[in-house]
Amino acid sequence: MKTINFAERNTVLNQFVAELRDICVQSDRMRFRHNIRRIGHAMAYEMSKELTYSEKQVRTPLDVASVSTPDDDIVLATVFRAGLPLHEAFLDVFDRAGNAFISAYRYYKDEACQELDVKVEYIASPMLDGKTLILVDPMLATGESFELACKALFTKGRPAKIMLACIIASPEGVAHLESLFPDDDVTLYCAAVDSHLNSRKYIVPGLGDAGDLSYGDKI
Ligand code: URA
């Protein structure tokens with residue numbers, strides 16, 4: 001797997017990520033979701049450079065314009081619930097894409113909250129054979145959700161191209177996905193790679209719980 005870390009470039013994307021992390025800005029849930037959307041738009045634009053293009057003829061009122069547009073048959077996939085704002089952002093850009101949704105939740109197997117597991121319960125997806133699969137999830141922590149989401153998605157066919165996108169990744173999560181996808185035909189795009197996971201498997205410095213910050217606390 002190749003990893004592209006957009007934080008290595010000086011772009012305004014870093015400003016959006018800084019706001020997303022900022023504890024003073026996070027209390028405004030609408031702004032938090034809006035910043036995810038701004039990040040998603042910028043990432044989708046950058047990732048669009050890796051699609052396959054061909055010239056098309058477009059009739060204007062005055063003549064015919066030749067335009068190079070993407071040919072990929074894209075399916076956008078995400079994991080409930082934290083992935084929803086990022087998914088919407090990608091769908092703003094890849095507006096003709098098919099859509100896949102997976103429900104996955106983290107739970108601790110022990111009282112000390114050190115042993116984490118992820119359970120997938122639901123998948124709704126079109127067939128994926130020959131498609132370009134873009135799986136988006138804002139936080140790549142252990143990599144378990146990405147792994148289980150991919151396994152669930154592959155029951156719907158084998159995509160021709162796989163692109164993974166997250167906003168903040170941990171080194172542990174990146175290593176986990178590298179072991180799952182040892183070849184360079186899969187690319188992970190992220191807006192930052194942070195220092196480490198804490199004992200509760202949260203990314204540090206990270207931003208906290210992306211689902212709660214987008215939609216409120218859960219019981
Ligand atoms: N999910 C989150 O929302 N935050 C983390 O730090 C890890 C997983």
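**Helix crossing and nonpolar cores in a predicted model**

User: At what angle do the axes of helix α2 and helix α3 cross?

Analyst: The axes of helix α2 (residues 29–47) and helix α3 (residues 84–93) cross at roughly 45° and come within 8 Å. Such axes are lines fitted to C-alpha atoms over the stretch in contact, with angles from 0 to 180 degrees between N-to-C directions; helices are DSSP runs (H or I, at least four residues), as are strands (E, at least two), numbered from the N terminus. The angle makes α2 oblique to α3, oblique being what remains after under 35 degrees (roughly parallel), over 145 (roughly antiparallel) and 65 to 115 (roughly perpendicular). This is a predicted model, in which local features need pLDDT of at least 70 and side-chain atom pairs pLDDT 80 or more, while totals for chains, interfaces and linings use all residues. Residues are numbered from 1 along each chain, and side-chain values use heavy atoms, without hydrogens or water.

User: Which residues of α2 and α3 make the contact?

Analyst: Contact means heavy atoms within 4.5 Å. Here α2 contributes R33, I36, R37, G40, H41, M43, A44 and M47, and α3 contributes P85, L86, E88, A89, F90, D92 and V93.

User: How many residues does the largest nonpolar core have?

Analyst: In soluble globular proteins, nonpolar side chains tend to be buried together. A nonpolar core joins buried Ala, Val, Leu, Ile, Met, Phe, Trp, Tyr and Cys residues through side-chain atoms within 4.5 Å, where buried means under 20% relative accessible area (1.4 Å probe, protein chains only). The largest core has 34 residues, with I39, M43 and F90 among those having the most contacts inside it. Its largest share, 6 residues, comes from α2.

Methods:
Buried means under 20% relative accessible area, exposed over 50%, partly exposed in between (1.4 Å probe, protein chains only).
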